[in-house]
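Please open the model in a viewer and follow the stops below in order.

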Amino acid sequence: MSVLPTDNPAARRRGSGASGLFAVPALLMFVVFALVPLAGAVVLSFTHWDGLGAITWQGLSNWTRVLHDPLTGNALLLTVKIMVVSWVVQTPISLLLGVFTAGTQRYRAVLAALYFVPLLLSSAAVAIAFKALLDPNFGIGGAPGLHALAQNWLGDPDLVLYVVIFVIAWQFVPFHTLLYQAAVRQIPDSLYEAATIDGAGRLQQFWYITLPQLRNTVITSSTLMITGSLTYFDVVFVLTAGGPGNSTRLLPVDMYLTGFQANDMGDASVLAVILVVIGLALAFVLTRFSGFSRMRSEQEGL
Amino acid sequence: MTGSVTSRRTVLAGLAALVGGTAVGCGTSGPSTGASGGGGKGSASVWIISGVTEKAFQNSFDSWNSAHSDQRIGVQSFANDPYKQKIRTAVGAGQSPTLIYGWGGGVLNSYVQAGSVDDLSDLAADPQLKGRFLPSIAKAGTVGGKTYALPNNGVKPVMVYYNKDLFAKIGAQPPASWGELMALVPKFKKAGTAPFTVSGQAKWPLLPWLSYLMDRIGGPGVLNDILANKPDAWSNPAVTQANEMIQQLVKADGFVKGFASISTDSGADIALLYTGKAAMSLGLPATYQTIQTADPKFISDGKLGYFPFPTVEGGKGDPANVAGNPSNFWSISASASAAEKAAARAYIKSDLLNAQYAADLLSVGNVPPVANLDAQLAKASDPEYFKAIYELASKAPNFALSLDQALSPQQGDSVLTALQQIFLGEISPKKFASTMNATISA
């Protein structure tokens, strides 16, 4: 259990923090609920198992098949698309909304409360509600004056990905707004006062004070968005089940359908391992090269 | 330290009291053979599906249990989708209930391959049971000539349901052939109604189109070759022609605009039929039940019509052939104990689809797959409709199970996606054939 060098009195004296024993409960949970299943998935990825019969060893054949399957390429491409577009859509909206709701005026507090409502809803409920709203005959397009909204939203293979991205943004923007709101409120007033004295306008203040001060929050929020977009499953599954055709068969959806609809646990495990590797690689790159791990203060010298 | 020990002891005592309390509660609720709920060790158990037919099942087991206190069967009820998830894991782990509720087809096949269910051929040949079921339905419970599952629920043949008002408006008759059907499309379009409504979003409502057209063009052999995993079975010209015909119908605006966005969640597809926006819908008897719940007046006013799937000119298939879901089935778990199996077999032999059970099913709009039902049908709430369903099922030389159920789970998943792409015009019938051929493992 000596995960950290707690036995070393020098390390303790240096004030490296509390005893490593404090990490044991979390570590235990992590090993039992993350590492063990992960190892299981890695083993299963070399076998054939339909969930019923015997598990038979397949060697690398699952891997070669899955990696050559055009569906996997399609799933990866869709996942990258949804990752990039989601980031591009969600970041500016959440940032601006966060800055806006950080103000202390009462109407802003009211609006903020409204914006946060989607955060309280479960993904499945959001997806079911949007599915009903987007019905071409009985959805929102059926309301008087809104007939232009009666489109083939979920049935058009070219359109559906953007509809999904919209619903995801609707659901997650409030969360990121909350992050930005908190961060904006942390920025010391003295910076703005100084800038005002120097004659900086509102836009300049935003550009030269607010934005740089939010640097770490942008990184945190982006990391969450980008790694999170690997796990967009519930909304997509309920909304489109990967369809029409394979238009929204993202990596996690592909994994689920392969595992639990086609009952091919071997191939599904290959996809799961690919997902884990991509997720870890992304998280590593983001924390390593964005300076997130160093977390240097943006308020040095204040 | 002492404090924490005491508190732990208190907690343990509390837990013991709770457990004891529950056990006592259980013991008093039923006879000593116990296990009124999950079916404990030594007594047979069954999981049933909640919904309209739940009552019929519950009644049947209740009456069995009250007459056979030594062979009680514990009943637990689950919703459809959670059941499907749960049963596969349970069967795989050898923990399934004694009686396994199923759909036949590819899943039954995989149970048989894994040795998870018992051969019931001797039971099916029993004189007490032999004449009870419709032969076309009982066939769906067999794998390789042996019976592994016996029907336990209503028959679900797919028919075309139509809005009689909309047909009268353009002076049309139900089409008897594909040519007549295609001729109706422009007439309905001109009158401002969509010819067909279908939920393209859910994928599975598209399947009967392919099943029926394949059968009408090439006969049951086409599907049988596919189910036998014959190489290139999907390249059969009948499959290609069926897909071409589907794409022609889509191109001619045979389906309501935006059909690929319509889900089945709240019956939005069928709502178009009874609200007069679409003239026809190809569907399971659930279509009737949905309308009866949503707009009973539509049925009682005689506005709902129905007819069998049209013939295809020059096709080889018998026009009396039917596609859909023949029924649901009971299998007996191979991992059950001898006593549990004996109880399940005795129940099937004497009580499965007996007169009361059949009447219960009929009362909720499900036509049971039993022989000689005419007298009971005449007393039903809508004799004409129930007779139509019964005749369709009982006279069918071949009753094809829905493709997604009939195929292996892997192929079922592929066919759902590929057929949706056919409807969307994303792939050609040729590509469909090659995609599906690739799923055949020799």
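Begin by selecting chain B and chain A together: one salt bridge is found across their interface, a salt bridge being a side-chain nitrogen of Lys or Arg within 4 Å of a carboxyl oxygen of Asp or Glu. To see this bridge, select R249(A) and D413(B), whose side chains meet with 3.4 Å from N to O.

Before moving on, note that this is a predicted model, in which local features need pLDDT of at least 70, side-chain atom pairs count only at pLDDT 80 or more, and totals for chains, interfaces and linings use all residues. Residues are numbered from 1 along each chain as its sequence is written, chains are lettered from A and ligands numbered from 1 in the order in which they are written, and side-chain values use heavy atoms, with hydrogens and water left out.

Next, display the whole contact (heavy atoms within 4.5 Å), to which chain B gives 30 residues and chain A gives 31 residues. About 2,400 Å² is buried between chain B and chain A, and carbon and sulfur atoms give 49% of this area; buried area is the accessible area (1.4 Å probe) that two parts lose on being put together, summed over both. Now select R88(B), S261(B) and D413(B): within chain B they lose the most area to chain A, together 24% of what that side buries.

Finally, turn to the open sheet of three strands in chain B, ordered β7-β12-β14 with mixed pairing. Strands are DSSP runs (E, at least two residues), numbered from the N terminus, and two strands pair if DSSP finds at least two bridges between them. Select β7(B) and β12 (residues 322-325) of chain B, which run antiparallel and are joined by two bridges. Here K156(B) stands opposite N325(B).

Terms used. Helices (H or I, at least four residues) and strands (E, at least two) are DSSP runs, numbered from the N terminus.
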